[in-house]
Amino acid sequence: MKALLAICMIFSSTFVWAAETPAAMPPAAAPAMSVTGKVLEVKNVESYTYVRLGTKGGELWAAVMKAPIKKGSTVTVENGVVMNNFESKSLKKTFPAILFGTLAGTAAVAPSGYGMGTAYPLLPGKKLESINDTPVAKAGGADARTVAEITTGSAELKDKTVVVHAKVVKFNGGIMGKNWIHLRDGSGSAADGTNDLLVTSLSETKVGDIVTVKGTVRTDKDFGSGYAYKVLVEDGKLQ
């Protein structure tokens, strides 16, 4: 418990500071950390593997992209960010504190320009570039836009509300207090990245879902720690 308490103290102050940062400024990214420990318990869900680790400083929970981790083995979780009071709907459990990171030796390299959430493919053996962009009908209404219309027209759409109907091709949950969702609707081009739209949201979904999302277009957003991109939709709400 000593390790867990120490982590909570360090990161609770970080996230409180970020929450009080003015809206005009990007929130500060929490410093990444690395933890090594013996696996005391393993819980697998659709996209994640949760592990209870015994470390030199005590026990703590960590989560990585789904991996064949065995009880009794020793693992290292790298590039970790602690989330406080994280609720896993899949496990029907709330963790007072949990470390989200990458299992050592399995980290993928994120393509430049994609931003937060692209480093960890949710579909085993597939990269975002290889996912088939199945056409999805455009949403209705005055604010409706396709993925390509948002990514290519971001200058005109900056700080405006848009509604997009598309397929979830990637989902990373609980990173910096948000879920990071990649959407595609068959529009745009893979060559210049205009076929893929990143959305941040508090809503949960899963890869393969066809969703309608309403949010605000932001441009030239920099969250620090190398997570910067030209366009995304923030505060997305699934309708």
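Trainee: How many residues lie between β6 and β7 in their hairpin?

Mentor: Note first that this is a predicted model, where local features need pLDDT of at least 70, side-chain atom pairs count only at pLDDT 80 or more, and totals for chains, interfaces and linings use all residues. Residues are numbered from 1 along each chain as its sequence is written, and side-chain values use heavy atoms, with hydrogens and water left out. Strands (E, at least two residues) and helices (H or I, at least four) are DSSP runs numbered from the N terminus. In the turn, Met-176 has a positive phi of about 55 degrees, and the number of residues between β6 and β7 is two.

Trainee: Which residue in β7 is the bridge partner of Val-168?

Mentor: Strands pair if DSSP finds at least two bridges between them. β6 and β7 (residues 178-184) run antiparallel, joined by six bridges. The partner of Val-168 in β7 is Leu-183.

Trainee: And which residue of β9 is the bridge partner of Lys-167?

Mentor: β6 also pairs with β9 (residues 210-222), in the antiparallel sense over seven bridges. There, the partner of Lys-167 is Ile-210.

Trainee: How many of the 15 residues in β6 are buried?

Mentor: Buried means under 20% relative accessible area, with a 1.4 Å probe and protein chains only. β6 spans residues 161-175 and is mostly covered. The number buried is 12.

Key. Buried < 20%, exposed > 50% of the residue type's maximum accessible area, 1.4 Å probe, protein only.
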